Amino acid sequence: MAATTPKLVVEGASRAFDGAPALAPTTLAVAAGEFVSLVGPSGCGKSTLFNVVSGLLEPDAGRVLLDGADVTGRPGAVGYMLQKDLLAPWRTVLGNIVLGAALTRGVTAADRAEAAALAERHGLGGYLDHYPHALSGGMRQRVALLRTLATGRDLLLLDEPFGALDAQTRLGMQRWLLEVRDQTGSTVLFITHDVDEAIFLSDRILVMGPRPGAIVDELAVDLPRPRTLAMATDPTAVEAKRRILATLHGEAAA
Amino acid sequence: MSRSTARAVLIPLASVAIVFLVWALIIRLFDVQPFVAPSPLEALEAVRADWSILGPLALKTLAETVYGFVAGAVLGFVLAVLMSQSRTVRDLVYPVLVGSQAVPIIAIAAPLVILLGFGILPKIVIVAWIVFFPVAVSVLDGLARVDGDLLALARALGGSRWRVFRVIRLPATVGPLFSGLKIGATYAVTGAVIGELVASTGGSLAGYQRQANSSLDTAAVWGSTLLMTAIGIGWFLLVIGLERLATPWRTRSTRRRLGFGAPRRTTTPPGDAP
C-alpha cells in the first residue's frame, strides 16, 4: 500500500457547526479495491465525515484526496448512497439508473444501453420500466446502488444503505452488495452502526468515538472471501466484534 | 369496459342523476310554478330548443375559459419558479400575490372592461387573475418540498444548479402544478362569466341569461346556467385527464410503452411489500 497511491485519503479533516465541533481532526486512507467500514455511535460525526468526503461539505481544516488529487469541497467525484433510496418517483428504474448522466451531461442511447446491461447483470433486468413506487424497499435500494455504479465513479460512499430494511432483506442485500463489488472491483467506504454488518462486509473497520467524532480504533477483518454466513461465528469475527463493542461502550461510558 | 372503469364512470353519473332527481322532486313536491323555477327537464329542453344560439355562445365562453386558464397557469408557474430562486423576489412578489386575491374579482371586473374593452381580452385577464394564484401557491409549495437529501444527492453526483433544477426540481413540480390547476379549473368558468356579465353585451352566455331573466324565462335562465356548469365540469375533467397522462407514475406501475406487444413484465417484484 505504501508503493501505490491510496484511492482515498482524508487528511486531518475537521468540521464544527456553529462553533460546536462535530468532527475532530480525522485522518484515514482507503486503498483501491478495499472495503472499509466506519462504525460508531449515532451522532458521532460519521455523516459529517461522509459529507466532507463526498464534497458536499467544506471541512474547516484538512484535505480530501482522491487518487492523489485534491477534491476538498468539490462534489461529483465519488459515488454516493444513503439509507433513503432517494429515487425520483417520476423516473422509471432505467431513468433512475441514468440519473448521474442526466445531471451532468444529458442521457445518451449508450448510457441507456449500459444501464440496461448493468440492471440485467445484477438481477433488475425485468424491472427497467417500473416506477419506484411499484418496487419493494430492497429492490429500490438495489436501483439506488446501480444508480451510484452507473456514474462510473470507482469510490462508493454508502451511508447506512440498508438501515431501513428488515433483517431478512438486509442480509440478502449485503450478499448482493458483495457480489456486485466482486464484479466491479469498486472501492467502498461504508458507514453503519451495525457491527455484524461491518464485520461481514469489510476488509477493515474504523471505529469512531462519540461526538466530536474521531477514529479511536482500527482493525483488519482477516476472513477469506467470498464471505459466508457461517463466518459470523468464526473466532476472528467473534474477537473483532468483542473488541469493537468494548471500544464503543468504553468510549460511551467515559 | 373493465369493472373499475365502469365504477369510475357510473358512480359520478349516478350522482348527477341524483342531483337532477332531487331538483325534480322539489319542483313537484312544493308545486313550484314554471315562472319561479323550471324542472330539470324543462331547463334541458330550453337548452335544446335554443341550441343554435347557445352552442356558439358556449364555445365562446369555453374559449375565454381556456385562454385565460392557460395564461393564468403559465403566469402562476413562472412566478412560482422565480420566487423559488430568490428570497428577495419571493418577499417582493408574495404580498402582491395575496393582495391580488383580496381584491373582489367582481369589483375589479368593471374597471378591467373599461380598460381593456368589450372583447375577449378582459375575460381572459379575469380568468387568468383567478387561476394564477392556486397554481403559483401549489408550485411554490412543491418546489419547497423537494427532498433536501435528493437535492444533496444530485449535487454529489455532479449536477450543476441548472441541471439539478431541470432534472429534479422541475419534474417534482408536476404533481403540485396539477393540484393548483384543478382548483383553478373549477373557478375558471366563473371568471369568464363575470367578465361577460360586466361587459353586459349580447352575444355571450351571461348576456343570454340576463335577457332570459328579464323576460322571466326561467327555463332558459336555468338552462344556460346548466350549460356554464357543464363547461366548468368538462374543463375540470379534461385537466384530470391531462394529469393522468402527465403523471403516469401515480397510477401505473410501469411506463407506458408505445408500439406493439405486451408490456415487458407486470408482475409484482419479489421481496417485501412496497
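Modeller: The C-alpha centres of domain 1 and domain 2 of chain B lie 27 Å apart. This is a predicted model, and the description below should be read with that in mind. The domain assignment places residues 1-30 of chain B in domain 1 and residues 38-248 in domain 2.

Let us turn to the packing of helices. In general, two packed helices are described by the angle between their axes and by the distance between those axes. One pair in chain B consists of helix α4, residues 87-102, and helix α6, residues 121-144. Their axes come within 10 Å and cross at roughly 135 degrees. The crossing of α4(B) and α6(B) is left-handed. On the side of α4(B), the contact is made by B:Leu97, B:Ser100 and B:Gln101, while α6(B) contributes B:Trp129, B:Phe133 and B:Ala136. By class, the contact of α4(B) with α6(B) has 4 nonpolar and 2 polar residues, and no charged ones.

A second pair is formed by helix α10, residues 205-214, and helix α11, residues 218-246, of chain B. These two helices pack at an angle of about 160 degrees, with their axes 8 Å apart. As angles over 145 degrees count as roughly antiparallel, α10(B) and α11(B) are therefore roughly antiparallel to each other. The crossing in which α10(B) passes α11(B) is left-handed. From α10(B), the residues that make the contact are B:Leu205, B:Tyr208, B:Gln209, B:Ala212 and B:Asn213. Those of α11(B) are B:Ala220, B:Val221, B:Ser224, B:Thr225, B:Leu227 and B:Met228. In the contact of α10(B) with α11(B), 7 residues are nonpolar, 4 are polar and none is charged.

There remains the side of chain B that faces its partner. The contact between the chains takes 31 residues from chain B and 34 residues from chain A. Two helices of chain B, α7 (148-156) and α8 (161-172), each supply at least two residues of the side that touches chain A. Of the elements on this side, α7(B) gives the most, with 7 residues. The residues of chain B that touch chain A divide into 16 nonpolar, 5 polar and 10 charged.

Terms used
Residues are numbered from 1 along each chain as its sequence is written. Chains are lettered from A and ligands numbered from 1 in the order in which they are written. This is a predicted model: local features need pLDDT of at least 70, side-chain atom pairs count only at pLDDT 80 or more; totals for chains, interfaces and linings use all residues. Axes are lines fitted to C-alpha atoms, for helices over the stretch in contact, and angles run from 0 to 180 degrees between N-to-C directions. Helices (H or I, at least four residues) and strands (E, at least two) are DSSP runs, numbered from the N terminus. A crossing is left-handed if the near helix is turned anticlockwise from the far one by less than a right angle, and right-handed if clockwise. Two residues are in contact if their C-beta atoms, placed from the backbone, lie within 7 Å. Ala, Val, Leu, Ile, Met, Phe, Trp, Tyr, Cys and Pro count as nonpolar, Asp, Glu, Lys and Arg as charged, and the others, Gly among them, as polar. Domain bounds come from an automatic or database domain assignment. Angles under 35 degrees count as roughly parallel, over 145 as roughly antiparallel, 65 to 115 as roughly perpendicular and the rest as oblique.
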